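Dear colleague,

I am handing over the structure below, and I would be grateful if you could look through it before reading on. My notes on what was found follow directly after it.

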Amino acid sequence: MQLSELIQEEVIKVGLTARSKWEAITELVDLLVAAHEIRLADRAAVIDAVQARERSFSTGLKYGLAVPHGSVECVQDIVAALGTSPEGIPFESADGQPARLVILLLLPKGEFPQHVRTLAGVSRLATRPGLRERVLAAADASALAAAIRDLEIE
């Protein structure tokens with residue numbers, strides 16, 4: 001699955017206000033609620049699932065990328081939100097760098113093979129230097145979504 005298929009303008013936030021990974025998770029879950037990707041009634045369960053996964057092993061990767069995720073009952077297909085942080089958010093990343101690009105994934109319970117493929121695809125695409133630079137330079141959600149679409153074509 002392409003990142004552009006998961007990330008639409010309404011689930012992108014340029015300039016996260018979060019100062020911790022827990023705040024970033026909450027901020028991105030709230031973005032999904034506002035975009036009607038998940039129900040407000042499921043908000044607490046979703047945050048709990050993602051935070052439980054994060055406590056078991058940090059999802060901070062290299063190159064300023066974090067991919068917090070969780071398996072939840074309330075989604076039928078993969079749901080995602082993306083946020084950028086110019087200052088970076090401490091995410092206990094593999095390379096010690098703060099996360100400047102955070103991609104939250106909600107995965108349907110019981111579809112592990114699909115999870116692995118999606119996580120691998122997001123990680124590969126998001127670790128491309130050209131994508132990272134263009135995404136982090138985007139002034140708004142529209143420009144960021146366009147950068148992702150353009151780079152997937154290349």
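**Notes on the structure**

Glutamate 92 is exposed, with a relative accessible area of 61%, where exposed stands for over 50% relative accessible area, buried for under 20% and partly exposed for what lies in between, computed with a 1.4 Å probe on protein chains only. This glutamate lies in the loop between S4 and S5, and its phi is near 50 degrees, a positive value in a residue other than glycine.

Before the rest, a word on the source: this is a predicted model, in which local features need pLDDT of at least 70 and side-chain atom pairs count only at pLDDT 80 or more, while totals for chains, interfaces and linings use all residues. Residues are numbered from 1 along each chain as its sequence is written, and side-chain values use heavy atoms, with hydrogens and water left out.

Histidine 36 also has a positive phi, of about 60 degrees, although it is not a glycine. Histidine 36 is found in the loop between H2 and H3, and it counts as exposed because its relative accessibility is 72%. Helices (H or I, at least four residues) and strands (E, at least two) are DSSP runs here, numbered from the N terminus.

Two loop residues are buried. Valine 75, in the loop between strand S3 (69-72) and S4, counts as buried because its relative accessibility is 5%. Leaving out residues up to four places away in sequence, valine 75 touches Ile38, Leu106, Leu107 and Pro108, contact meaning heavy atoms within 4.5 Å. Threonine 59, placed in the loop between H3 and strand S2 (65-66), is buried with a relative accessible area of 4%, and its contacts, again not counting residues up to four places away in sequence, include Arg53, Leu65, His69 and Phe91.
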